[in-house]
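Subject: Structure handover

Hello,

Here is the structure for you to look at. My notes follow below it.

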Amino acid sequence: MALIVDQEHLGPTETQWDAAGHHEQLASIGPIEARRLVVVSPHPDDEVLGAGGLIQVALSQQILVEVVAVTDGEASHPRSKVATTLDLARVRSGETREALRRLGCDEPLVTRLHLPDGDVSARRDQLDRALAGILLPGDLCVAPWRRDGHPDHEVCGESAFAASRAVGARMLEYLVWAWHWADPDGLDIPWQQCRRLDLTRRERARKRWATAAFESQTRPLGPDLEDAAVLPAPLMRRFWRSYEVYVNETASIR
């Protein structure tokens, strides 16, 4: 599919998703039973957009949280002249750490792989080896859905799924771009395999505060079209919900 994001391509509205009511039929995720939560993030911000609530739940249960930053997100504005002067990799790395602190990680544990933004598939072997060396039995691995619609997201999900099965870790898959291209009234998302994580008012507020740390993505870098926000407000509302949705194709969480 062609993933186009601009003011003319904002995808389904939150009103449409809410009216479809799929989330109301999903079973809820209870307490996490894991020795560690490992969140695989293709780009800086995915870990918070997709799993910011789950990260908070894990921290509240004294579960160690490790984020695997697959790329540095340096290609988010490929035609922007401003971006070339900002050192986006450094900026976005700092935004991730600040966002994780806002979620409650006093000393965020982030393992950076520095794979090429937009071309992770070309380094699939390296990604496979890295995840195989990080994941352990008893971990809960959280990664993008393998059909999320962005090539980096999908290869990260596929690699995490394979590594989780190989070592005996459990896995949940979060959605980011599927909310943009999927039909709220259709079956593009495998709802029968999804679970819902309900967020308290405090968790929801902290997640929204954390997403505000990603200023390089939510605000224009400059006045030109090439500097436009990658994640304008209508898209961000998908991640400010009172719940998160995860695809669960491996094992249940009691």
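Which backbone oxygen does the side chain of Lys207 reach? That of Leu49, at 3.0 Å. Please keep in mind that this is a predicted model.

**Lys207**

Lys207 sits in helix H8. Its relative accessibility is 3%, and buried means under 20%, so Lys207 counts as buried. Its side chain also makes a polar contact of 2.7 Å with the side chain of Glu244. Leaving aside residues up to four places away in sequence, Lys207 touches Val48, Leu49, Gly52, Gly53, Gln56, Leu103, Leu199, Phe239 and Glu244.

**The cavities**

Rolling a probe the size of a water molecule over the atoms shows where empty space is left. Here the count is 2 cavities of 30 Å³ or more. Lys207, Leu49 and Glu244 are among the residues lining the largest cavity. Its lining also includes Trp179, Arg238, Phe239 and Arg241. Strand S8 (243–247) gives the most to this lining, with 3 residues. H2 and S8 each supply at least two.

**The cores**

The largest nonpolar core has 51 residues. Leu37, Leu54, Ile189 and Tyr246 touch the most other members. Helix H2 (residues 46–60) gives the most to this core, with 7 residues. Take Leu54 as a place to start looking. Leu54 touches Ile32, Leu37, Val142, Leu172, Leu197, Glu244 and Tyr246, again not counting residues up to four places away in sequence.

**Helix H4**

How far apart are the end C-alpha atoms of helix H4 (residues 88–103)? They are 22 Å apart. At 1.5 Å a residue, its 16 residues should span 22 Å, so the two values agree. The buried residues of H4 include Leu88, Leu100 and Leu103, and also Arg92, Glu95 and Arg102. The buried residues of H4 pack against H2, strand S3 (64–71), helix H3 (81–86), strand S4 (109–115), helix H8 (201–211) and helix H9 (215–218). Leu103 of H4 is buried, and Leu103 is one of the residues that Lys207 touches. Just after H4, Gly104 takes a positive phi of about 120°.

Best wishes

Terms used:
Residues are numbered from 1 along each chain as its sequence is written. This is a predicted model: local features need pLDDT of at least 70, side-chain atom pairs count only at pLDDT 80 or more; totals for chains, interfaces and linings use all residues. Side-chain values use heavy atoms; hydrogens and water are left out. A nonpolar core is a set of buried Ala, Val, Leu, Ile, Met, Phe, Trp, Tyr and Cys residues joined through side-chain atoms within 4.5 Å. Buried means under 20% relative accessible area, exposed over 50%, partly exposed in between (1.4 Å probe, protein chains only). Helices (H or I, at least four residues) and strands (E, at least two) are DSSP runs, numbered from the N terminus. Contact means heavy atoms within 4.5 Å. The expected span of a helix is 1.5 Å times one less than its number of residues. A polar contact is a pair of N or O atoms within 3.5 Å; within protein, one must be able to donate a hydrogen and the other to accept it, and residues adjacent in sequence count only if both atoms are side-chain atoms. On a 1 Å grid over the protein atoms alone, a cavity is a set of points where a 1.4 Å probe fits but cannot get out, and a pocket is an open set with protein on both sides within 12 Å along at least five of seven lines; lining residues have an atom within 4 Å of a point. Grid points are joined across faces, edges and corners, and a volume is the space filled by probe spheres set on the points.
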